[in-house]
Structure formats: structure tokens, C-alpha cells
Amino acid sequence: MNLTPPTECAAWTRLLHHAESWRGVHLKDIFSNDVARSTQFVAEAPGLRYDYSRQRMGAMTLRLLANLAAERGLPEWRDALLGGKPINTSESRAAWHTALRAGDGAPAEVRETLARMQQLCGEIRTKKQFRRVVNLGTGGSDLGPRLLADALADGALDVRFAANVDPHDLGRALEGADPASTLFVVVSKTFTTQETMANAAAAKAWGAKAFYAVTSNVEEAKRFGAAEILPMWDWVGGRFSVWSAVGFAAACAIGFEKFGAFLAGAREIDLHFAQATVEKNVPALMALAGVWNANFLGCATHAVLPYSNALRLLPAYLQQLEMESNGKRVDRNGREVGYATCPVVWGAEGTNSQHSFHQLLHQGTQVVPSDFIDIASNAILSANLRAQADALAFGSPDGYPGNRPSSILYLEKLDARNLGRLLALYEHKVFVQGIMWNLNSFDQPGVELGKVMAKKILSGGK
Ligand code: F6P
């Protein structure tokens, strides 16, 4: 597997020259000269369509990017990921989140844990001994389950989330609740995260008695006094863990059947990712379009614009997934990279975003490649989404430069299966970009210094 800097790849050098040929080329001319473009630069995966025709790329660009993927050894890396090989080399671990949604092919401990989750989830949703479930966790132990519950909760159970150590956050989660009928799910892979442990202690001080834990640190959870401990494993990264028991509170909010559909949707994308050639492989195409924009067209940020209130938490989820994975300046060999890596990922739900920062997208000095996500829920939403993508691409003589790239992801509808598909897409996109940039996408060394310094300050040190 290729561990050399991507800049040493022949395809990289050719892409640099090729990018020169794109200077002064405008998308509106591209479209008027190629009537088939909007049907050619499209790829399909189960339940969705990826339209990248408004990306500033042509057939030659795609070919060179596919060559780069080949030179980087993408197929071997992909097989290693899906095969549970220890590709998280700095931590000597696999990154085997796909095993969590492998159905009957999943490891026994995964199937046992899912069966236990199903049983507990069913009891909690039917027996009603708990009127409130509160998920205590942060980062990957919060963003994924919070997104899933926020998008698909059916109202059968009041499930809330508290991540911030600011007591205001736990206060919101406990509004109107009483200790006797509130279940806390303390979610922490390490069971050492300061904020989560502080909130768990605050819950105890509030009089709470019922605690479940989700962790790979079972001994610590036992010491804490959790009545039920659902395991997770060191071969699952926090930001890739919503498919595990980390998703327990969300499963309580949406029902276990939907949680099963969520896993099944992601599995379909794993199969698509494993089998489709690069030119037809949606996660790979999303990744390569991102590399083209960041490394060859010089775009430093990337916007995610879901035209869906139910997906309002998606940008925050993707910020961790993308930026904690590939926000790195040292490659797999420990060498400082000489090229751009992960762009700053940001975004918000449409059309609210139109009345906020789209001014900059259309007329600012920064060119911001964007992902629009259409869940076909409403004609006004879809019309505005399409209008924004076209205006960014084609501009107009009265002050809209246009030539601003975007892609549109069309989902047939938003349900658990499609949400699973969508998140798995982005996971594999992130993985492919890590391979293109020669990064280990599965560790996060950069988060440690601040934690150590905060502890020192708290203990009275400087
Ligand atoms: O500090 C970053 C991080 O380690 C994330 O990678 C992780 O998702 C989050 O903190 C929470 O960690 P844990 O689940 O161990 O509490």
C-alpha cells in the first residue's frame, strides 16, 4: 500500500498542469457546449443520486483523479478497511465500523450487543418505567446519536442529549424531569472524558439512580455503578461509532426497527463502495471532487447544505467526521505534508442558510465548494436548492461571477435507511481522502494538548 506523498504520484503532477487549463473556463460555457453533461456527471448508489455536473471538472479531470486513486492504491486500502486490518497504524487498531452494520456477517460480540440493545430498547419504549432518557456524551458519543434522534424520533419517548460541561446543557436535558423516571446513558468510549464524567457526577448529585453505560472501558463503568454496560470496542473510532451501542439512546427515540434499517442502509453503501469502479463509486467521486477543489483549485473550505430541517444537525456531525479525521499536517510516515489536507467544513440547513451566509457563497471573494442535499420533502425546498446550485454555477451578468462548484445529493426520501446510506457515504468519502492525502484518518492526536493544559489549570498549575 502506497505510503509515499501524493505529490510524488505522476497523476498529481498531471493534475497540476491540468488545473492550469481550467483557469478562465466557466461552468456556463461548459454546460452550453455539452448538452449531455447533466446526465453524464451523475452517479447512483442505493437510494440516492449524486449529481456532480456543477463541479469544475471534465472527463480528463475525472480520468486523472481516477489515476491518482489507483496510484494511491485505493483498492488495497479499501479491502484493508473493510477487512478489519489495523490501518489505524498510530494506535495499532482496525477501523472496522463497517462490521457494526454487517448483519449476519458481523462479529459475535456485535450481534450479541445489538440483540441486548433491541431487548432493552423495546422494554424502555413499552414498559414506560422511564419517561425520560438522557444521553451524556460528547464528540462521537453525542453528535451521531443526537443527529439520528433529531432527524427520526417518533415521539414515543422523550430522549435528550447533554454534551457540554456547561450546566446549562444538562439543565435543558432535565427540564421537567424527575430522578425516579429518568434513565441516564453515559456514553464514552474511554469513560475518562472530563465533560462526560462531570455531567455523570452532576446527574448523580441531581438524585439520579438509573445509569446505563456504553464504553470500551468496562471496568471504569462498573466502578461508576452502571446497572447495564453495553460494550464498544477499540476498533471503532468515536466519530464512526453511531452504528454501535453509542446509538442506544437514539434507538430508544426512533425504535429499534428503524435503527436496524439505519444499519442496513449503511451496509448497502459499504457494498457499493466495495464493488463500484471509481468512476461510478459515489463516496470515491465525492472524495476526489473534494481533493480536486482543495489541492488543485485552491478552495480552503467546504459547505454542507442539507435542504431539510430534519438534517439540521448534519453539518455539525460532518465537522467532526471530516475535520477530526483529516485535519492533519503530518502524514502516515510522521512527515509534515507539503500540500493542503481537509478543508474547513461548515454549513447549515437550507433554505435558512440562504438568509444567512449565501451572500458570501455567491458574491464573496472565497470560492466555497458546496454539497446540497435534497430529500424531496417539499417543492419549495427543492426549487430553491436547484436555483442556488445553478446561480452558483452559472452566475449572471449583474454581479454574480458564478463558476462556483457544487454537488447535489438526491435522496428519494428521508428515512432511517437513507440516513444510514448518507452517513456511510461521508464516512467512505473521508476514508478515500485520507488515502489521497496519505493520512491516518482514524486517530486524533491533536485533541490531547488542550485537555492536558486544562487539567493543569484546574489543578492550580499554569
Ligand atoms: O477529544 C476528542 C474525542 O476523543 C473524540 O474523538 C471522541 O469522539 C470524543 O472525544 C469523546 O470521547 P469518549 O467517547 O471517549 O468520551
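The points below take the ligand, the pockets and the cavities in turn.

1. This is a predicted model, in which local features need pLDDT of at least 70, side-chain atom pairs count only at pLDDT 80 or more, and totals for chains, interfaces and linings use all residues. Residues are numbered from 1 along each chain as its sequence is written, and side-chain values use heavy atoms, with hydrogens and water left out.

2. The ligand is surrounded by 14 residues, the closest being Gly140, Ser141, Ser188, Thr190 and Thr193 (near: a heavy atom within 4 Å of the molecule). By class, this shell has 1 nonpolar, 10 polar and 3 charged residues (Ala, Val, Leu, Ile, Met, Phe, Trp, Tyr, Cys and Pro count as nonpolar, Asp, Glu, Lys and Arg as charged, and the others, Gly among them, as polar).

3. Taken alone the ligand exposes 390 Å², and the protein buries 88% of that (Shrake-Rupley method, 1.4 Å probe).

4. The ligand sits in the largest pocket (more than half of its atoms lie within 2 Å of the pocket's grid points). A pocket here is an open set of points on a 1 Å grid over the protein atoms alone, with protein on both sides within 12 Å along at least five of seven lines; a cavity is a set where a 1.4 Å probe fits but cannot get out, and lining residues have an atom within 4 Å of a point.

5. The largest pocket has a volume of about 830 Å³. Of its 36 lining residues, Thr190, Thr193, Gln444, Val447 and Lys451 lie nearest the centre. Two or more lining residues come from each of α9 (194-205), α14 (314-326) and α18 (448-458), and α18 gives the most, with 4 (helices are DSSP runs of H or I, at least four residues). The lining divides into 9 nonpolar, 17 polar and 10 charged residues.

6. The second largest pocket holds about 260 Å³ of space. Among its 17 lining residues, Lys328, Val330, Asn440, Asp443 and Pro445 are the closest to its centre.

7. There are 2 cavities of 30 Å³ or more. The largest has a volume of about 50 Å³, and helix α13 (residues 282-296) gives the most to its lining, with 4 residues. The second largest cavity, of about 40 Å³, is lined by Gly290, His302, Glu322, Pro343, Lys429 and Gln433. Gly290, His302 and Lys429 also line the largest cavity.

Methods. Grid points are joined across faces, edges and corners, and a volume is the space filled by probe spheres set on the points.
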